[in-house]
Amino acid sequence: MANLVILFMLWLSMTCTICNVKLMAYGSTRRVSTRFYDFKVQTKRVTKLCNSNDIVTVNGMLPGPAIYAQEDDRIIVKVTNKTPFNVTIHWHGVRQRLSCWYDGPSYITQCPIQAGQSFTYNFSMVKQKGTFFWHAHVSWLRGTVYGAMIVYPKTRVPYPFKSPYQENIIILGEYWLQDLQQIEHATLASGGAPPKADAYTINGHPGPNYNCSINDIYQIDVIPGKTYLLRLINAGLNTENFFSIAKHKLTIIEADAEYTKPFTTDTVMLGPGQTLNVLVSANQSVGKYSMAVAPYKSGKIVNYQNISAIASFNYMGAAPDSLYVAAKLPKLDDKLAVKTVMDGLRSLNQVNVFKEIDKNLFITIGLNVQKCHSKTPKQNCQAMNGVLAASMNNISFIHPNISILEAYYKKIKGSYTEDFPDAPPKFYDFVNGAPNKIPYDTQALNGTRTKVLEYGSRVQLILQNTGTVNTENHPIHIHGYSFYVIGYGTGNYNPQTAQFNLVDPPYMNTIGVPVGGWAAIRFVADNPGVWYMHCHIEIHQSWGLGMVFIVNNGKGANESLPPPPSDLPQC
Ligand code: C2O
């Protein structure tokens with residue numbers, strides 16, 4: 001009998017061991033991987049548009065290397081700066097849950113990586129998947145320092161649409177023959193607007209409309225009858241762009257790395273910082289179709305390149321010498337085409353946005369003209385006898401010379417203040433208010449002002465475009481969060497008439513606030529750290545169109561920012 005009991009116990013422990021093995025094996029299919037990348041930031045001589053130039057690149061590539069991962073994976077990127085310039089990399093759209101130190105905006109979350117130094121970014125794609133991109137976040141370096149980040153669903157988790165035959169990354173960019181840091185300096189010194197880009201590009205290629213670019217063209221070879229997933233990214237500096245493919249429809253199924261209800265359209269518009277996934281069926285007769293990029297000219301201040309970038313949607317079997325079927329693009333200022341797509345963006349699933357608000361901020365966004373203080377106004381005050389600036393609530397954001405996150409964490413005083421206002425200094429007809437009528441109308445103050453949010457607070461922002469200089473569509477991007485776009489419209493925001501969608505609004509990280517209009521967004525401030533909010537049009541950011549949220553720690557380790565990494569760059 002005793003023997004039997006011992007045998008039984010032995011059997012039990014054996015099955016238990018097997019049990020454990022099985023459990024472990026099951027667990028391993030869900031285990032997250034770590035993806036390592038090595039980024040060498042280096043200058044590289046490239047020949048484009050009949051010229052040879054030195055540009056700053058990652059690993060000598062334009063666009064830079066794509067990063068691939070799966071949801072919940074850890075991504076580790078060692079960035080080594082082999083240039084004489086200051087460098088940082090930002091992972092656009094990655095929410096950096098409890099990892100604000102690795103977010104990347106210079107002087108906001110870190111000091112730049114100086115010449116010859118390196119910094120290893122280390123973060124997890126917590127509950128995030130879709131199309132992201134990375135870009136430099138210091139001076140105007142991101143004009144050439146950018147690349148895609150593709151995060152697939154977990155193993156065996158399908159897309160919520162029929163699997164495409166093939167996926168392609170399509171990055172819209174701008175190309176400049178002059179050094180970008182020089183352009184930035186010269187523009188700011190002039191007080192006026194920046195020069196236009198020399199070309200638009202698709203995956204670094206301008207296409208046949210530009211000088212010396214007949215063969216500098218990106219091409220997708222497609223099989224008739226198949227469906228293609230295009231991951232569209234606007235990495236351009238200063239231009240919002242329309243994108244369309246001749247005779248082909250685009251079905252949007254994801255915006256800013258969140259699934260949307262399928263929505264079919266002829267054209268999409270992406271502001272800098274926006275990403276869209278679209279499905280395209282190769283359902284036309286065999287031939288060569290152009291994929292075209294042209295500007296959406298919502299404002300009058302920035303100069304636009306008018307030549308379209310063209311890539312080729314090339315059916316297998318098309319005669320090599322066949323002509324491109326031209327794409328139809330909306331007219332340059334077609335607001336309706338933009339609105340149509342915006343109206344079509346709905347979260348795939350019902351989300352039910354919270355209704356109670358703890359913090360309600362009204363933030364005006366737009367350009368300003370500052371008084372000329374220069375002794376050489378002809379050189380330095382080229383905008384309406386003044387200097388162009390941009391602001392939120394009439395504060396032009398000034399980058400400090402140490403990282404705000406470090407100053408906050410180490411309680412170093414003096415580099416920023418906590419008095420970013422909850423509303424503009426005065427309410428008036430923001431969209432039509434005539435310049436100079438009211439002093440607040442055109443002038444802004446300089447400051448490094450932040451807004452402190454308590455952990456877990458439910459935040460609503462009303463972003464209101466002003467027309468003091470001119471109205472314009474502003475792609476406003478928030479670091480560390482995605483937010484529900486619950487409403488938008490033209491004119492001045494009116495709480496009595498504004499319509500909100502709290503049921504299935506899109507969950508985005510960059511919202512194109514309509515030209516001369518407003519947008520309402522909501523998020524829960526549950527990610528502690530220092531988070532930049534700014535216009536993703538680079539010149540607007542340089543002019544001060546930004547501010548910073550500080551989100552305090554909550555309770556315990558799961559709601560608190562860990563200490564800084566040991567290799568965090570020093571200023
Ligand atoms: Cu895509 Cu602050 O950046």
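Contact, in what follows, means heavy atoms within 4.5 Å. Axes are lines fitted to C-alpha atoms, for helices over the stretch in contact, and angles run from 0 to 180 degrees between N-to-C directions. Helices (H or I, at least four residues) and strands (E, at least two) are DSSP runs, numbered from the N terminus.

Morning, everyone. This is a predicted model, where local features need pLDDT of at least 70 and side-chain atom pairs count only at pLDDT 80 or more, while totals for chains, interfaces and linings use all residues. Residues are numbered from 1 along each chain as its sequence is written, and side-chain values use heavy atoms, with hydrogens and water left out.

Let's start with a helix. Helix α3 covers residues 335-344. Helix α3 lies across β14 and β15. Its direction is at about 135 degrees to β15.

Now the sheet. Strands of a sheet pair through backbone hydrogen bonds, either parallel or antiparallel. Here, two strands pair if DSSP finds at least two bridges between them. What is the strand order in the open sheet? Its 6 strands run β10-β9-β12-β17-β14-β15, with mixed pairing. β10 and β15 (258-265) stand at the edges. Each has a single partner strand, so one side of each has no neighbour in the sheet. From one strand to the next, the twist averages 25 degrees.

β14 is residues 250-255, and β17 is residues 275-281. These strands pair in the antiparallel sense, over 4 bridges. E254 sits opposite N277 in β17.

On to the cysteines. A disulfide is a pair of cysteine sulfur atoms within 2.5 Å. How many disulfides does the structure hold? There are 3. Counting bonded cysteines along the chain, the pattern is 1-3, 2-6, 4-5.

For burial, I use relative accessible area: buried is under 20%, exposed is over 50%, and partly exposed is in between (1.4 Å probe, protein chains only).

Take C50 and C212. Their sulfur atoms are 1.9 Å apart. The link is right-handed, with 100 degrees about the S-S bond. This pair joins distant parts of the chain, 162 residues apart. C50 is in the loop between β1 (34-48) and β2 (51-58). C212 is in the loop between β10 (199-202) and β11 (219-222). C50 is partly exposed at 43%, and C212 is exposed at 56%.

Next, C111 and C571. Here the sulfur atoms are 2.0 Å apart. The link is left-handed, at -100 degrees about the S-S bond. Again, distant parts of the chain are linked, 460 residues apart. C111 is in the loop between β5 (89-92) and β6 (118-124). C571 is in the segment after β33 (546-551). Is C111 buried or exposed? C111 is buried, because its relative accessible area is 3%. C571 is partly exposed, at 47%.

Then C372 and C381. A disulfide joins them, S to S 1.9 Å. The torsion about the S-S bond is about 70 degrees, so this disulfide is right-handed. C372 is partly exposed at 26%. C381 is buried at 7%.

What about C100? C100 is in no disulfide. The nearest cysteine sulfur is that of C111, 13 Å away. C100 is buried, with a relative accessible area of 0%. C535 is buried too, at 0%.

That's the tour. Thank you.
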